Amino acid sequence: MNVYEDGGKVILTGYDSFDAGNTLESGQCFRFAKLGETRYSIVAHGKVLNIEQTCTGETRLWPCTPEEFERIWRTYFDLDCDYAGVKAALSEGDPIMAEAVKFAPGIRLMNQDVWECLISFIISANNRIPMIMQVVRNISHRFGTDIDGERCFPTREQLMAATTEDFGACRAGFRAKYIYDAVQKIGTGMVDLDGFGAKSTDEVKRELMSIKGVGVKVADCVLLLSCRRREIFPIDVWIRRVVQELYFGGREIPLNSLQDFAREKWGAHAGYANQFLFHYARLHKIGTK
């Protein structure tokens, strides 16, 4: 991949397997806006970023310096991972996965801030993506810092004084008490987000699940999308139906057996498999009946 600066924009060329639209609209993150056919605005890591992809194979990022790209966005979009190799490994001997990969070959797993990712996926429980995005935006606008006409997701310190009622006013519904519990446990050090990198996946999952409202699925999403545990295969009611329909002829399969199936079939690439299947099934309405 080539990276250079031109007219205040960082330009990427010569990359493989990166479609910003597929990536942003695949249910991974909730602070973006679609501004055109191939143009998006993102709020992440205390920055507002515009991203546009051209038919000539360029990706343009602004406002952004080469230094900011290297420090933030290269990692955020997982641009150092060999997705051609990942897709080949997933597709080999698996025509179902090969079709899902072919449908949206530019999806990448994002590396998000663990704090924002956790709160966002607490909000996601039994919720639709447009509503999740609205609640995250409401919390950001009520408590976050202004930057370039937008509001950053609030820091831990900015939310420590917030009440359950405050989160309810942001339209979090029954999840307000879970957000409050997460803020308090993290703010007081009962849950140590900064120490996750040195802990095993099981240790991190147990710590996350000590927060009210954080079950296996939410914990797994945080592990996959902000802790880089790519072997994790998050399963909710819907993705369970999808796997059962696509791989088991619609037969009811116990949750533990599905987790074993994902681990054995896709191994270290299970998280990538999950995202390709999620996006493919959502847009084809698989598992919705």
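Modeller: First, a convention for charges: Lys and Arg count as positive, Asp and Glu as negative, while His and the chain ends are not counted. And keep in mind that this is a predicted model.

Colleague: With that convention, how many positive and negative side chains are there, and how far apart do the centres of the two sets lie?

Modeller: The protein has 36 positive and 38 negative side chains, with 6 Å between the centres of the two sets.

Colleague: What makes the radius of gyration agree with a compact globule?

Modeller: The rule is 2.2 Å times the number of residues to the power 0.38. For 289 residues that puts a compact globule near 19 Å, and the protein has 19 Å, so the two agree. The C-alpha atoms fill a box of roughly 55 × 50 × 35 Å along the principal axes.

Colleague: Why is Thr13 called buried?

Modeller: Buried means under 20% relative accessible area. Thr13 has 18%, so Thr13 counts as buried. Across the protein, 52% of the 289 residues count as buried.

Colleague: Where is Thr13 found, and which residues is it in contact with beyond its neighbours within four places in sequence?

Modeller: Thr13 is in strand S2, residues 9-13. Those neighbours aside, Thr13 is in contact with Met1, Asn2, Tyr4, Gly57 and Glu58.

Terms used: Residues are numbered from 1 along each chain as its sequence is written. This is a predicted model: local features need pLDDT of at least 70, side-chain atom pairs count only at pLDDT 80 or more; totals for chains, interfaces and linings use all residues. Side-chain values use heavy atoms; hydrogens and water are left out. Buried means under 20% relative accessible area, exposed over 50%, partly exposed in between (1.4 Å probe, protein chains only). The place of a charge is taken as NZ of Lys, CZ of Arg, CG of Asp or CD of Glu. Helices (H or I, at least four residues) and strands (E, at least two) are DSSP runs, numbered from the N terminus. Contact means heavy atoms within 4.5 Å.
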